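Dear colleague,

I am handing over the structure below, and I would be glad if you could look through it alongside my notes.

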Amino acid sequence: ADFDSTRRYPIVDYIYAGPFLAVHQTTYAPTSGMHRISASLAQMGFVVAMLDARGTPGRGKAFQDANYGRIGQEVEIPDHVAALRAVAESRPFMDTARAGIVGHSWGGYFALRGMLVAPDFFKVGYAGAPGDLTEAASINEPNMGLMASNQAGYDAGSNIGRASALRGRLKIMHGTSDVMAPLSTTMRMAQALIEANKTFDLLIMPGQPHGPQGAAGRYYREDVRRFMATHLLQ
């Protein structure tokens, strides 16, 4: 609201990057919970980016097939980092030394991924209800193939196997009644981080589904804003 082009603002990459949904919008009017959180982060003093890397729909088969069988490996996060650096070249108010990443569901998986494969760029991350490539076969197999025929791809895309790479400030949220991305995914990630002796924050939402509802949903959204403000806005 009080934008000043002479100042330097931290960046938040509000990511989804899943193969089912394009998030880039053609209007500034918030149209979903994802866009409303982004708008509120912008009002707090972050430059918020929402973009669609290769592997997302709506731009042709070749664009979407770029990560087929190798989700999370060499496409999505490198595309996001390259795009943010390119945008910042002509916008000196964007402080690439203070970049964070936030996402829910597939976005939660990729928020974790960004913190683990691009720790030099993303300093703070908040992963909401992150999935895992080994859970929910109906979601993953159409994009990864069968695990029996692509074990290397599943292993390479695993966040759990990269826990030791964490360097920044990370928080994970998960609802105990989530049937789309089961709580077990976060429990396994937490165990891997503990075994790697990595410090992280965890918010468990009792009885909540994949997207926390009502007062729990408001608490979750506020927690995202609070965490990013505490560790990135200063």
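This is a predicted model: local features need pLDDT of at least 70, side-chain atom pairs count only at pLDDT 80 or more; totals for chains, interfaces and linings use all residues.

Residues are numbered from 1 along each chain as its sequence is written, and side-chain values use heavy atoms, with hydrogens and water left out.

The protein chain holds 8 helices and 6 strands (DSSP runs numbered from the N terminus, H or I of at least four residues for helices and E of at least two for strands), and from the N terminus on their order is β-α-β-α-α-β-α-β-α-α-β-α-β-α. The radius of gyration, taken over C-alpha atoms, is 17 Å, close to the 17 Å that the globule rule (2.2 Å times the number of residues to the power 0.38) gives for 234 residues, so the chain is as compact as a globular protein of that length. Along the principal axes, the C-alpha atoms fill a box of roughly 55 × 40 × 35 Å.

Helix 1 (residues 33-44) packs against helix 8 (residues 214-233) at an angle of about 35°, with the axes 11 Å apart; axes are lines fitted to C-alpha atoms over the stretch in contact, and angles run from 0 to 180 degrees between N-to-C directions. In this contact (heavy atoms within 4.5 Å), Ile37, Ser40, Leu41 and Met44 of helix 1 meet Arg221, Arg225, Ala229 and Leu233 of helix 8.

The search of the whole structure found 1 cavity of 30 Å³ or more, where a cavity is a set of points on a 1 Å grid over the protein atoms alone at which a 1.4 Å probe fits but cannot get out, and a pocket is an open set with protein on both sides within 12 Å along at least five of seven lines. The largest cavity has about 60 Å³ of space, a volume being the space filled by probe spheres set on grid points joined across faces, edges and corners. Its lining residues (an atom within 4 Å of a point) include Tyr109, Pro130, Asp132, Asn159 and Met189, and helix 7 (183-195) gives the largest share, 3 residues.

The second largest pocket has a volume of about 370 Å³ and is lined by 15 residues, of which Tyr14, Gly33, Met34, Ile37 and His104 lie nearest its centre. Helix 1, strand 3 (94-104) and helix 8 are the elements that give two or more residues to this lining.

With best regards
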